Amino acid sequence: MTTAREVLDRCAELDRFTATPPQLERVYLSREHASANAVAGRWMEEAGLRTWQDAAGNQCGRREGSTPGLPALLVGSHLDTVPDAGSYDGMLGVVMAIAVAQRLRDRELPFALEVIGFSDEEGTRFGKALLGSQALAGVWEEDWWDLRDRDGVTLHQAFLDFGLDPRRVGDAARRPDELVGYLEAHIEQGPYLEAEDRSLGYVTTIAGARRFRLSFIGEARHAGGTPYPRRRDALVGASEAIVLIEQRARASECIATVGRIEVQPGAINVIPGRADLSLDLRAATDPERDAMWESLRAEIEESCARRGLRLEVRETHHAPAMPCAPWLQEAVMAGIRSTGDDDPVGLWSRAGHDAMAVGLTTDVGMLFLRCHDGISHHPEEDVRELDVTAGLDALERAVLEVAARIGARA
């Protein structure tokens, strides 16, 4: 099962494990998660790997290198999805990794080869992304156990229900000396490869993200009886900020998105006294992102002062940018060149990936595959068989390039 057609068929098979048919939704520590792990584990065994599910619910497989016990090159992606998902975000990278492991099953390597299907990259169930890969990186935090899903089930209870022991989550952590690096193949989730008519690209860095809750506090008063000079309309202030955020981001290399707004009291005939909005801010580097935030905050505060509003800010998420290791970028580029593309294109990833967390414990590299119209997190997410064929060949060559570099160091 090592061809692009077979890889795509396996992605379709994983679509069967969904909580909301015909839509695809597979979340952390669910029955669907268990089923996907079981099938992926079976495929790993067919590829000659010894398999296990780690203490955080990640599905793992390993083949020893030339000597038992060598550090491992880790290859994979994630098996969970967002609600109403497409078939390839995460899953394609796992299935491709298994196919490459099968292609190389008789090839002696100077490291162990491990494949991993991470359990929770999206954060759909508990609102906290990268749980599976952060467990592997050894950065699990105790207060995460109190996270709750929409049914009120805590992460701690979900572990128990899944058959995992919360006290042993630390067993999923990998030390730096246990790994030589991590390679992840993933759909681009953007239009840039398609615009350049390229099947593949290599990732230079993964965006660092900060998320905020911005609260605009005004005064709720009668809509008919309050003249405009006396209005302190929180929604108008928030709306002005939203337009400002888009204008500043469009004029920069940053990405800023307001995805949620809540208004109180929410009555037709009452001036909004409070408006809360979310802000997701990303850039290729942390200094770019942070400079954009400081500039935005100053302008929004100035706007609020003019309107008689109070601005409250709460940061809800902070993830540093994760650059891909130059030597792994070179390995991925060599893989792309092996497919006939002599001048590989480098892209910074606007989306977050498990590699961000894995990069806390080992070097990371990423291979992007073109996806139709840049669509992702949507049922119309699609890839072409010819691009998957190129991706498989490039990923296999990248693994062999890593082997050549590791062998030369020995």
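Modeller: Two rings of Phe, Tyr or Trp (for Trp, the six-membered ring) form an aromatic pair if their centres lie within 6.5 Å; planes under 30 degrees apart count as stacked, over 60 as edge-to-face, and the rest as tilted. The model here is predicted, so local features need pLDDT of at least 70 and side-chain atom pairs pLDDT 80 or more, while totals for chains, interfaces and linings use all residues. Residues are numbered from 1 along each chain as its sequence is written, and side-chain values use heavy atoms, with hydrogens and water left out.

Colleague: How many aromatic pairs does a search of the whole structure find?

Modeller: The search gives 7. Take F118 and Y182: with ring centres 6.1 Å apart and planes at 75°, the pair is edge-to-face.

Colleague: Where do F118 and Y182 lie?

Modeller: Helices (H or I, at least four residues) and strands (E, at least two) are DSSP runs, numbered from the N terminus. F118 belongs to strand β4 (residues 112-118) and Y182 to strand β5 (residues 179-187), so the pair ties together parts 64 residues apart in sequence.

Colleague: Are F118 and Y182 buried or exposed?

Modeller: Buried means under 20% relative accessible area, exposed over 50%, and partly exposed in between, using a 1.4 Å probe and protein chains only. F118 and Y182 are both buried.

Colleague: How are the rings of F212 and W293 arranged?

Modeller: Their centres are 3.9 Å apart and their planes at 15°, so this pair is stacked. It links distant parts of the chain, 81 residues apart: F212 is in strand β7 (residues 208-217) and W293 in helix α8 (residues 286-307). F212 and W293 are buried as well.

Colleague: Which residues do ring pairs link into a cluster?

Modeller: Y28, W140, W144, W145 and F159 are joined in this way.

Colleague: What lies over the face of Y228?

Modeller: A charge sits over a ring if NZ of Lys or CZ of Arg is within 6 Å of the ring centre and within 35 degrees of the ring normal. Over Y228 it is R231, at 4.4 Å from the ring centre.

Colleague: How many helices and strands does the protein chain have?

Modeller: There are 11 helices and 14 strands. The radius of gyration of the chain is 23 Å, close to the 22 Å from the globule rule for 410 residues, so the chain is as compact as a globular protein of that length. That radius is taken over C-alpha atoms, and the rule is 2.2 Å times the number of residues to the power 0.38. Along its principal axes, the C-alpha trace spans about 80 × 50 × 40 Å. Of the 410 residues, 55% are buried.
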